Amino acid sequence: MEVIELKNADRTLPQRVKEFGGIDLLACYQCGTCSSDCPVGTEFFFRIRRIMRKAALGLSEQVLPAKDIWCCTTCFTCFDRCPQDAKPTDVILALRRVAAREGYTPQASRNTSANITKFGHAVPSLEEIEKKREAMGLPARPPTAATYPEAIREIQLIVKKRGIAEIIRFNWEKMELEG
Amino acid sequence: MSEDKIGAVLVVGAGIAGMQSALDLADSGFKVYLLTEYPSIGGYMAKLDKTFPTNDCAMCIISPKLVDVAGHPNIELLTNCDLLELSGEPGSFKARIRKRTRYVDEEKCTGCGSCISVCPVEILDGFNENLRGTKNIFIPFPQAVPLKATRRKETCMGCGLCKVVCESGAIDFNLTDSEITIDIGSVVLAPGYKTFDPELMKEYRYDHPDVLRSIEFERFLAPTGPTGGHVIKPSTGEEPKSIAWIQCVGSRNERLDRGYCSSVCCTYAIKEAVIAKEHVPDLSCTIFYMDMRTFGKGFEEYYNRAKDEYGIEFIRCRVPSVKVRTDGGLFIRYENEEGEIEEREFDVVVLSVGFQPPDGNRELARILGIDLNKFGFCETGEFTPLETGREGIYVCGAFVEPKDIPETVAQGSGASAKASALISTSRHTQVTEREFPPERDVSGELPRIGVFVCHCGINIASVVDVLAVVEYAKTLPGVVYAENDLYACSQDNQKHIQEVIKEYNLNRVIVASCSPRTHEPLFRNTCREAGLNPYLFEMANIRDQCSWVHMHEPEKATEKAKDLVRMAVAKANMLQPLKTIPIEMNHECMVIGGGIAGMTAASEMTRQGYRVYLIEKEAELGGNLRSIRYSLSGEDPQELLRRMIEEVETNPMIEVMKSTTIDSIEGYIGNFKVNLSRNGEKREIGCGVIIVATGAEEYKPKEYLYGEDERIVTQHEFEELMDEGKLDLSGKTVVMIQCVGSREEERTYCSRVCCATAIKNSIVIKENYPDADVYILYRDIRAYGFKEEYYRRARDLGVIFIRYEKDEKPEVTKDGDLLKVGVVDQLLKEKFIIEPDLLVLSAATIPAADNPRISELLKLPLTEHGFFLEAHAKLRPVDFATDGVFLCGLAHSPKLIGETVSQACAAVSRACTVLSRPFIESEGTIAKVNELICSGCGVCVAACPYEVPELVVNERGALVARINEAKCKGCGVCGCGCPSSAITMNHFMDMQIMAQIDAFGAT
Amino acid sequence: MTSYALYLGCIGPLRYPDIENSIRLTFKELGIELVDMEGATCCPAPGAGFKNFDELAALTVSARNISIAEELGLDVMTFCGGCQGSLNWANKLLQSDPERKSRVNEILSEMGREYRGTAKVKHLVEVVYEDIGVDRIKKIANDRLEGFKVAVHYGCHVLRPYRVEELDDPEKPHMLDDLVKAWGAESLEFPEKHTCCGAGGGLFANDRDLSLSIMRKKMVQIKELEADMLIDICPFCHMQFDLGQMQLREKGEDFSTPVFYYNQVLALLMGFDRNKVAFIENTPRDDVIRRILATERA
């Protein structure tokens, strides 16, 4: 059994979680409603209740590097059901924001944000799909950022203003992720 | 303010709170108008099957109260009525009331039920929680008071069949609503509650036939319910194999604006599971919970028995939803203690629904000009739970805060004390004396015995062949009449018995039914009202001692019932009428104990117009309250203390005696003699009633290194240190450990107050030192009622709660100068080490060291834990079995200040039902000494536990034992011990007992 | 004529444009005008994109999208659950939080845009249910799909969080069921009916196996009930079911329930050519489409 000295716990974690959107983290009284009906829970040992607990206790080394917080599908079932309105989904997102700033981000999430920065869309347009669009009588590309490059530049402005590139380690010159 | 206070009270609400309140007031010399919107009194308690923790049948313990209310000359029932307006001022109110018509003339209706059987229209039966239909003209339940039919106009077909069959001509469709105005001095509010509607939580699938609300399941268990007391799976009608209870449905839920705890659901779910298992022995019962809140007196032991003896399964996880398989079966998915997701199927799912404020609460608040709290319950103060904020209007029961029956009954009595204090100068001005017809002289008559054999619904009749017993009874010597009754105790049956007595000229009555402990007084009264001496009545217990214990052997049970009836008849043939005599009494009160309970009782007693002696063994008044410096609501306990001390010390009707101990207490109700010592000086005081308010103590822990380090303190010690500015906790770490000395092998009970205290003190720390780290190590957080909100507040402030298990307790060690607390977090299964700068132990509340001595002096029983044992756990929480002595405060069991105040007021109210009488009536069933035979040996003197017999020299110069009729309790010890057979026990004479034994032996 | 600014999102137009076309064609026929939002971008993907890193970035991207509709003077209609969740969350939050709104507009002003909070964000299911109506669908369908067993999938973000979407009771929704029953079909009940498809929150790409096993839970029950098809109202859920079943088949597991976006079947019933509305698939639909087309037309 793990033995943890609570004096070494990360006091700043609950505060950071609150700052990054998990404002009602401390409302949780560990009832188990969230963990019990979580769609991920039956397939993987992802337990929101324990994550809320560890966050409140400041057990950063257990929570931030782990893949757990990235397994949430943000289905909001726990959010709607929580009797104390602790807003667990918001806590998960807040933990992701904290973890990302410490360098813990799964590749796939970085990719998606990189795509949005490069293309204005979560996925790039593909030639085979463009052909199918034309076959139906639609323009090859939709009238979105896929057609209007200014839109992409506007997205990039937002990215720059909010420091997203630094968080996901996106290289502006190469317009690619670092690793 | 007018000088003339009106000696009458309006009680709004006729559940157990309203009834208790009404009975106390009516027994204390006040006229009571008992108003309810329903056609019958009884409230929710009438719907319950059994009550925790004693598993008493609810209807059995409440029916004597129903009949008492029905027959009380000082109570006027206003059923099917609404309060429209209250005007005037405290002491002199006018209440305008609408009487909604039943379309039945209450004077003429006999409650015979003929109209019900012919009515062709079915409506939903509200009493049975809409689980079945009832007729459009109905009586809510068999023991309803008043037992009158009520017709619902909106759904009536107008066929008039009911009118045709009504032999009394009571039904009249042209009757209309009417209005009356009554004059009263004060008002008691007891409107009760309603239960949460699971439609607001569709995830629990209340739409499925096998998902039930707890109150519906209660009706399934009850013998008067829609299944006749059989536990069924509704979709198939067959016995279920597994039932799950889901706790906290509509409680502890901030999201639904119901962030309070309904207090009783944990214990009621355990009760339902235990009773269900008694009905269906191989039933699997599972309770899904968050915290197990069995904090009341006897509840923790009930919980333990449920686990150990009944095999009820407890799973600590709040259920997120009830799922339905494609074949319609129910299952629940949950995270178990190891963190695995499990799925379990259940035949039936019971939702433990919480309490809501009653319908019409806002309207009631508007009419009365009182405030509601944010949940819609009545707004009261933490230390003044019976006060609405408006003088003259008092409140009690679930409308104040969700609570269980003993708390409700205590508050019902407490509110009476408050309501009557206002009008105490007008006592006896509006009442009618109970008049009995002259007693018929039966001496010289041959016995003419009437036997009434009760079905008790299915309680007796499902096992014992009642009709066979009736036929058998008719063959017994002396019996001239025998019949069977469905519910012998119902109000209409009392009238019926009286008619039979007259018609058949009976001079002895036997009821073969349940326990004399609950029902003997009721039937004796029935006899008395029919002109028969009440001691010409005998009971045969064919339920508790027969049908209930021989449930699976009906033939043998029927034979035993016949035996019991035969024995009762044999005795009845020998019964003699007995007289009681009026005894003069002292109208002063003595309160033992000068803590908040004693001071409150003393103060309230003077407002009733009676003088009080307040005895305190210490040099200072205040008891445990001296240590309480903070409160959850922010009110100042020390200000309360100062105010109460000043009140009792300056009140001319209270004589305060500090540093005073009791040497001996003699006497009996109305005439106690107490010998006191103070600093060597002796004094004797007489009083009519005694209130025991001796308090309790904080356990000094032996565990967790208490006493070995000044950084380890109890909660009381913490409050004193904090309040006196001796702690600087800035940036420090504080650990609190719950259940220290409670819920253990040696002390199994829950000390009830520690969770609220720890939460309170943790909030005090965080509010003063936001950067302090506070950890509370607990087993269950018992922040019941509205205290749940403070649990949330503590969490929001950053207090960390860590759950530990009983068999894996925290370890406290010293490592050099460091204190270390090691605790295994049961959720994460990780061990945490915390280094506290301060360790606060929530130590148990233990009985006062003095209790055994007081118990000896007053002959009062103690519980297995050493607190005082009340007369009845549910319905007589502040009474002792010994008449004239009452109980309140921590002497009863651990409780919070508000609860103590309620009980103190309750003890006063109960005591006033004695003090308000001009004299005391002695018991009839006492010992008598035949002085001609008595040899003066003194065995009876030595044997009597109440020190009643005295050896005196009589007029003939012989040394004989003399028994004071007023003091004798009729226990029989002297009668058994007397070697000369000089002592006869009235009503248990040798020849009567021998007749019973001979009858038993006969075939 | 009812008009909406059509918000396309990413997966719809860039991976399953047949869904997009089915919506354009059916709505035109039913008299609802859909105006393109030029220069719209990713919503941004909830749980997969910016929202994982910075709340304000996500709010600003959403607000920028909504502002395009505001300039058109129209309410937004999304047809993806994820886009609905993203845009509606941002819209409701910014409408009630002036401090965040001003921070968002501070950034938007640098690109010459402004978010005013004057538009509503609605999902297609609400538009079909309210503006078109169950009765009209009934007339179109004429009970042609009687005997068809349909598993409906609302997806998560159309219903939850309830305080944001305020559309249908997440514990017992009925809108999509009603719209499917309007075709004459039976809407199946099963325990995992309202469970997440497993694609959201970035899990689709982060951990394909885990994402598939969540989906599998639902497909097992849908297969056991022998559903003729699965109807969804979200292209991302659609991709999860369509592509996901193929990936399961590649591992040797037999899952092949045909997957349609609601409007695709509606379009077939309205007589549109399947090659214009329902031809991009990884899980074959030929059989069931044939059966649909074989039913009598009114």
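How many residues of domain 1 of chain C are in contact with how many residues of domain 2 of chain C? In this predicted model, 26 residues of domain 1 meet 28 residues of domain 2. Domain 1 of chain C covers residues 2-123, and domain 2 covers residues 134-294. Taken over C-alpha atoms, the centres of these two domains lie 24 Å apart. On the side of domain 1 that touches domain 2, helix H1 (11-15), helix H2 (17-30) and helix H4 (81-96) of chain C each give two or more residues. The largest share belongs to H2(C), with eight residues. Sorted by class, this side of domain 1 holds nine nonpolar, 13 polar and four charged residues.

Chain C also has some peptide bonds worth a look in the viewer. The bond from C:Cys43 to C:Pro44 is cis, and its omega is near 15°. C:Pro44 is placed in the loop between strand S2 (32-36) and helix H3 (55-72) of chain C. Another cis peptide bond links C:Arg160 and C:Pro161, with omega about -5°. Here the proline, C:Pro161, sits in the loop that runs between strand S5 (149-153) and helix H8 (162-165) of chain C.

Turning to chain B, the model shows 24 helices and 52 strands. How does the radius of gyration of chain B fit that of a compact globule? For 1003 residues, such a globule would have a value near 30 Å, and chain B agrees because its own value is 30 Å. Along the principal axes, the C-alpha trace of chain B spans about 90 × 85 × 65 Å. Buried residues account for 55% of the 1003 residues in this chain. Among contacts in chain B with a separation of 6 or more, 73% are between residues 24 or more positions apart.

Eight bridges connect S6(B) with strand S7 (residues 92-99) of chain B in the antiparallel sense. Within this pairing, B:Gly88 is found opposite B:Phe93 of S7(B).

Further along chain B, hairpins follow one another. Strand S33 (residues 660-668) and strand S34 (residues 671-678) of chain B are antiparallel partners over eight bridges, and B:Thr660 has B:Arg678 of S34(B) as its bridge partner. Two residues lie between the strands of this hairpin, where B:Gly670 adopts a positive phi near 90°. S34(B) also pairs with strand S35 (residues 681-687) of chain B, again in the antiparallel sense, over seven bridges.

B:Arg252 is not a glycine, yet its phi is positive at about 55°. This residue lies in the loop between strand S16 (242-249) and helix H6 (265-279) of chain B. Is B:Arg252 buried or exposed? B:Arg252 is buried, because 29 other C-beta atoms lie within 10 Å and 20 or more are needed for that class. B:Arg743, also not a glycine, has a positive phi of about 55° and belongs to the loop between strand S39 (733-740) and helix H18 (754-768) of chain B. With 20 other C-beta atoms within 10 Å, B:Arg743 is buried as well.

Finally, chain B touches chain A, with 29 residues of chain B in contact with 31 residues of chain A. Strand S20 (330-335), helix H19 (788-796) and strand S44 (830-834) of chain B each supply at least two residues of the chain B side. S44(B) contributes the largest share, five residues. By class, the chain B side consists of eleven nonpolar, four polar and 14 charged residues. Strand S1 (residues 3-5) of chain A runs parallel to S44(B), joined to it by three bridges, and A:Ile4 stands opposite B:Phe832 in S44(B).

Note on methods:
Residues are numbered from 1 along each chain as its sequence is written. Chains are lettered from A and ligands numbered from 1 in the order in which they are written. This is a predicted model: local features need pLDDT of at least 70, side-chain atom pairs count only at pLDDT 80 or more; totals for chains, interfaces and linings use all residues. Helices (H or I, at least four residues) and strands (E, at least two) are DSSP runs, numbered from the N terminus. The radius of gyration is taken over C-alpha atoms; the globule rule is 2.2 Å times the number of residues to the power 0.38. A residue is buried if 20 or more other C-beta atoms lie within 10 Å of its own, exposed if 12 or fewer, and partly exposed in between; C-beta atoms are placed from the backbone. Two residues are in contact if their C-beta atoms, placed from the backbone, lie within 7 Å. Two strands pair if DSSP finds at least two bridges between them. Domain bounds come from an automatic or database domain assignment. Ala, Val, Leu, Ile, Met, Phe, Trp, Tyr, Cys and Pro count as nonpolar, Asp, Glu, Lys and Arg as charged, and the others, Gly among them, as polar.
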